[in-house]
Amino acid sequence: LLIATGVTGAGGATVFGFSYSSEKKRQEVEKKIRSVEEKAVPTRAQQLKRLASGEEFDVLVVGGGATGAGVALEAQLRGLKVACVEQEDFASGTSSKSTKLLWAGSRYLVKGLVKLFSPSSIMSPATAWNDFMGTWHMVLGCFRERTYMLTMNPHITNWVPIAVPLDKWIIWPPPFDYPPAALGPCTGLFVIFFKFYDLLGKYVAPNSFVMSSERARADFPQMDGKGMKYVSVFYEGEHNDARTNLCIAFTAAMYGAAISNYAKVERILFDEKGVAQGAEVLDKANPDAKPFQIKAKKIIYCGGPFTDGLRQLSEGQDVKPMVNASGGTHIVLPPYYCPRHIGMVDMMTSRGSFLFFLPWEGYTLVGTTDVKTKPDLHHQVPEDEIQYLINECEKYLSPSLRVRRRDV
């Protein structure tokens with residue numbers, strides 16, 4: 001599916017930094033992008049009028065995040081009549097609060113390999129292999145999605161090099177609690193892994209490479225280059241997540257879906273047999289608005305971590321929760337903390353998770369954390385999470401560049 005029309009580059013074998021294996025492939029991609037016929041998208045007032053007209057839709061999608069907008073687009077392109085409503089703005093929830101990466105799952109791949117080659121797998125090799133193959137297919141799917149996004153949407157995506165600083169020849173405690181990984185820096189294991197990562201991506205991304213400590217100081221002067229043995233660099237995709245969400249929503253509308261933001265579902269409507277047949281919706285952007293009804297044969301909840309709250313509309317307040325929610329925190333720092341052309345990742349944080357340090361929209365984005373929490377659309381970030389991120393990102397920065405709380 002084409003998310004939106006992009007303008008392609010004209011020369012060589014590159015479209016906005018995307019490398020192709022052949023000129024023919026580049027021409028095929030450019031032809032697909034240019035083949036999309038853009039149509040005017042109805043205004044919000046026109047969309048609301050249609051939603052309240054009494055027209056029966058095949059599907060009503062509740063939630064206008066990336067998933068909800070994606071479901072609306074997919075259903076519309078399959079010939080269904082689709083309505084989609086979002087209680088706030090598109091991407092106002094988690095769809096605008098990611099680490100901005102279109103990554104192919106390097107962390108999942110590493111964890112899968114570690115589990116496959118761990119001593120525990122000897123006791124049940126068949127189970128270990130099946131678990132790994134599940135991870136393997138998931139990662140390959142991530143590669144396909146990443147390639148598609150960067151191929152078809154060069155106007156909102158780009159490649160970003162990410163540095164992995166290695167300041168010890170032997171790491172202890174070992175990464176991922178896997179003792180052989182302790183020898184990763186001195187054996188070149190990490191370098192080999194990223195070359196394998198390039199191979200899995202069919203060399204679509206720029207190739208990974210190694211920087212000496214001297215070059216690291218030149219390319220990433222904010223890094224504590226003096227303490228580095230060397231720096232391994234790999235590439236991931238990067239996108240504007242909120243704009244991606246908007247592109248999906250507008251494309252669904254362009255193809256005929258009735259879609260609106262600031263339209264909150266107040267209650268689900270049922271027929272005499274107890275089957276859902278629509279929803280009562282309120283236009284939150286108009287203080288004088290009265291609720292209206294949307295008729296639909298099927299209703300799909302796409303609330304992400306807030307789905308249990310939506311289920312209460314149809315299953316009651318005492319519905320058993322299905323979502324085991326976790327929350328992630330990012331902080332935004334001034335631009336002088338990171339170069340504009342390269343980011344960094346710490347794969348060995350004190351919590352055992354990844355921490356990215358990326359150039360973003362003229363600033364520096366640092367994150368993320370991963371803690372269990374109760375879903376809240378207007379979540380207040382705990383101060384201890386902010387301080388954790390500050391402490392972690394100082395680990396590889398030059399001692400002369402201290403991250404202060406007031407910089408956040």
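## Salt bridges

The count of salt bridges comes to 20 in this predicted model. One of them joins the side chains of Arg-50 and Glu-55, with an N to O distance of 3.0 Å. Arg-50 has a relative accessibility of 25% and therefore counts as partly exposed.

Another salt bridge is formed by the side chains of Glu-236 and Arg-146, at 2.7 Å from N to O.

Asp-167 is partly exposed at a relative accessible area of 27%, and Lys-168 is partly exposed at 42%.

## Helix α2 and its surroundings

Helix α2 spans residues 44–51, and its buried residues are Gln-47, Leu-48 and Leu-51. Viewed down the axis of α2, these buried residues fall within an arc of 95°, so they line one face of the helix. The face turned away from this buried side carries the exposed residues Ala-45 and Lys-49.

The packing partners of the buried residues of α2 comprise several strands and a helix. The strands are β3 (56–62), β4 (82–85), β9 (258–260), β11 (276–283) and β12 (292–301), and the helix is α10 (241–254).

## The six-stranded sheet

Six strands form an open sheet in the order β9-β4-β3-β12-β11-β10, and their pairing is mixed. Strands β9 and β10 (263–270) are the edge strands, each pairing on one side only. On average, neighbouring strands of this sheet are turned by 35° against each other, with direction ignored.

Helix α11 (residues 307–315) packs on the sheet and touches β3, β10 and β12. The direction of α11 makes about 40° with that of β10.

At the β9 edge of the sheet, strands β4 and β9 run parallel and are joined by three bridges. Cys-84 stands opposite Ile-259 in β9. Strands β4 and β9 are also among the elements against which the buried residues of α2 pack.

## Packing of helices α4 and α8

Two packed helices are described by the angle between their axes and the distance between the axes. For helix α4 (residues 106–116) and helix α8 (residues 189–200), the axes come within 12 Å and cross at roughly 115°. The crossing of α4 and α8 is right-handed.

The contact involves Ser-106, Leu-109, Val-110 and Leu-113 on the α4 side. These residues meet Phe-193, Phe-196, Tyr-197 and Leu-200 in α8.

Technical notes:
Residues are numbered from 1 along each chain as its sequence is written. This is a predicted model: local features need pLDDT of at least 70, side-chain atom pairs count only at pLDDT 80 or more; totals for chains, interfaces and linings use all residues. Side-chain values use heavy atoms; hydrogens and water are left out. A salt bridge is a side-chain nitrogen of Lys or Arg within 4 Å of a carboxyl oxygen of Asp or Glu. Buried means under 20% relative accessible area, exposed over 50%, partly exposed in between (1.4 Å probe, protein chains only). Helices (H or I, at least four residues) and strands (E, at least two) are DSSP runs, numbered from the N terminus. The arc is that of the directions from the helix axis to the C-beta atoms. Contact means heavy atoms within 4.5 Å. Two strands pair if DSSP finds at least two bridges between them. Axes are lines fitted to C-alpha atoms, for helices over the stretch in contact, and angles run from 0 to 180 degrees between N-to-C directions. A crossing is left-handed if the near helix is turned anticlockwise from the far one by less than a right angle, and right-handed if clockwise.
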